[in-house]
Amino acid sequence: MLAKPCSLAILHPRLPSCTRQVFLSNFQFLIPAHSRYRSSLSAAAQSPLDGGAGAGGGRTGALSPPPVTDEVAQKIDVNPPKGTRDFPPEEMRLRNWLFHNFREVSRLSGFEEVDFPVLESEALFIRKAGEEIRDQLYCFEDRGNRRVALRPELTPSLARLVIQKGKSVPFPLKWFAVGQCWRYERMTRGRRREHYQWNMDIIGVPEVTAEAELMSSIVTFFKKVGISSSDVGFKVSSRKVLQEVLGSYSVPEILFGKVCIIIDKIEKIPIDDIKNELKLVGISEVAAEELLQVLSIKSLEKLEEVLGGAGEAISDLKQLFSLAEKFGYSDWIQFDASVVRGLAYYTGIVFEGFDREGKLRAICGGGRYDKLLSTFGGDDLPACGFGFGDAVIIELLKEKGLLPDLNQQVENIVCALDKKLQGAAASVATKLREKGQTVDLVLESKPLKWVFKRAARINAQRLILVGLSEWQRGMVSVKILASGEQNEVELANLE
């Protein structure tokens, strides 16, 4: 019997073509080994055997061993699936360093960490995120005939958890998460199909102070890793700008999300293509021209001249820029009316972090989403947040020469000078580990030359040698590798 995921890959054409190909190329590995063996026996029984009846002689019914097929002999591709990554030790050290900084900045701002399942209901993401997300989902039907998806982002999962908790949690909520996300999309520098994302969200605060706090946290992170306002900036606008322009042309509200997704492509496709897409969704040529003129504005003062100062968009933006000055990051932000963000659920202030040299895609982005919870059956709450991917920031740090030196660091390397003393060396290692020290225990009989090379490779601070004569006297030999100083130390005094 075939494993069900394989059959699903065939039955569900909504899976991306390369996802189906991955399932099909690994088809043989989904068949139990004993089934393949029986198939080989059956094939052998139905075919003439060397020297058998069908070949003019031999014992009736004699079976040769199953042939080694090309599929069995072929080596497996050792590369991870396209768009995903392995994390060998050196990459894992970098990832841990980055995540530590994400968590430390969140902690400094009083946020608490949460997490959600990587696998969620498909409906959670297609209901309000927009068509772009729908087309990028890794989705399938599980064995219970439920439509599920690997999460492409974290905000819908956050909304689900907030609704689940209801009034059992005190508001406002200041939550953060560092989670793995999956999107089937075209890969570019800093964009992968599998990535990790740092999210910070504030639930229950309607004032723009919440957005200002979030942007302050991102700036704090940048400063911690050595990035300045000359390297990175924030483009800031409000979805309400778009609403006011569309409202003046009586454009139905139902088209708002579609228009946002089109406008989000302004820097990615030619302007004529933008106009054509707006026309296809029902925006008149006059309204499209007016909209594009407004979205080209890069000054808050100029926007106020066009829209007037009475609207919520201008008021919110003025307050945010005033707060940025108080927080101390006004030199990081600039107004850009074309920023709308591609996700359909944003309702107010939106922002994007960008590389000032223009070599990379958006580093991070977020905004206000006051009406998201009601789309999942909950009561709406004022909310805002941001997502910050791991891949782009690593590229930026490489570009700026700011990646930290993260070689392996071990405090002690312990080695027995006699195979009979391996147990004694283990007891020394245990004693040090119980004191909270890191220990690399040499597990085999190795020459001292090898031990010194390993000590250098792992940046060990001390070499502890367990020799027969020293051990008989309750001592070990301790060598400080930086200075070369070596002494005998009583086991009881080993610190």
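**Sheets, strands and helices in a predicted model**

Within strand E10, Gly-366 is the bridge partner of Phe-351. That bridge belongs to an antiparallel pairing between strand E9 (residues 349–355) and strand E10 (residues 364–368), which extends over 4 bridges. Two strands are said to pair if DSSP finds at least two bridges between them. Strands (E, at least two residues) and helices (H or I, at least four residues) are DSSP runs, numbered from the N terminus.

Residues are numbered from 1 along each chain as its sequence is written, and side-chain values use heavy atoms, with hydrogens and water left out.

The protein chain as a whole contains 19 helices and 16 strands. Of its 495 residues, 46% are buried; here buried means under 20% relative accessible area, exposed means over 50%, and partly exposed lies in between (1.4 Å probe, protein chains only). The chain exposes about 25600 Å², and carbon and sulfur atoms supply 52% of that area. Accessible areas come from the Shrake-Rupley method with a 1.4 Å probe, and for residues only the protein chains shown count as cover. Among contacts (heavy atoms within 4.5 Å) between residues at least 6 apart in sequence, 67% join residues at least 24 apart.

Strands E9 and E10 are part of an open sheet of 8 strands, in the order E1-E5-E6-E11-E10-E9-E7-E8, with mixed pairing. Strand E1 (112–113) and strand E8 (333–335) stand at the edges with a single partner strand each, so one side of each has no neighbour in the sheet. Helix H5 (residues 89–108) packs on this sheet and touches E1, E5, E6 and strand E11 (383–389). The direction of H5 makes about 5° with that of E6; axes are lines fitted to C-alpha atoms, for helices over the stretch in contact, and angles run from 0 to 180 degrees between N-to-C directions.

With E8, E7 pairs in the parallel sense over 3 bridges, and Lys-235 stands opposite Gln-334.

Another covered strand is E12 (residues 412–416), where 5 of 5 residues are buried. Asn-412, Val-414 and Ala-416 point one way from E12, whereas Ile-413 and Cys-415 point the other way. E12 runs parallel to strand E13 (residues 439–441), to which 3 bridges join it, and it also pairs in the parallel sense with strand E14 (residues 462–466) over 5 bridges. Ile-413 takes part in both pairings: it stands opposite Asp-440 in E13, and its bridge partner in E14 is Leu-463. E12, helix H17 (residues 422–434) and E13 make a right-handed β-α-β unit. A crossover is right-handed if, with the strands pointing away from the viewer, the path from the first strand over the helix to the second runs clockwise.

Helix H8 (residues 155–165) includes Gln-164. This residue counts as exposed because its relative accessibility is 54%. The C-alpha atoms of Gln-164 and Gly-378 are 8.8 Å apart in space, although the two residues are 214 apart in sequence. Elsewhere in H8, Thr-155, Pro-156, Ser-157, Leu-158, Ala-159, Leu-161 and Val-162 are buried. Their cover includes strand E2 (119–121), helix H6 (123–126), strand E5 (173–182) and strand E6 (194–203). After H8 comes Gly-166, with a positive phi near 55°.

In helix H13 (residues 285–295), Glu-285 is exposed because its relative accessible area is 67%. Glu-285 and Lys-275 are 10 residues apart in sequence and 7.8 Å apart in space, C-alpha to C-alpha.

Cys-139 counts as buried because its relative accessibility is 2%, and Cys-260 is buried at 0%.

Methods:
This is a predicted model: local features need pLDDT of at least 70, side-chain atom pairs count only at pLDDT 80 or more; totals for chains, interfaces and linings use all residues.
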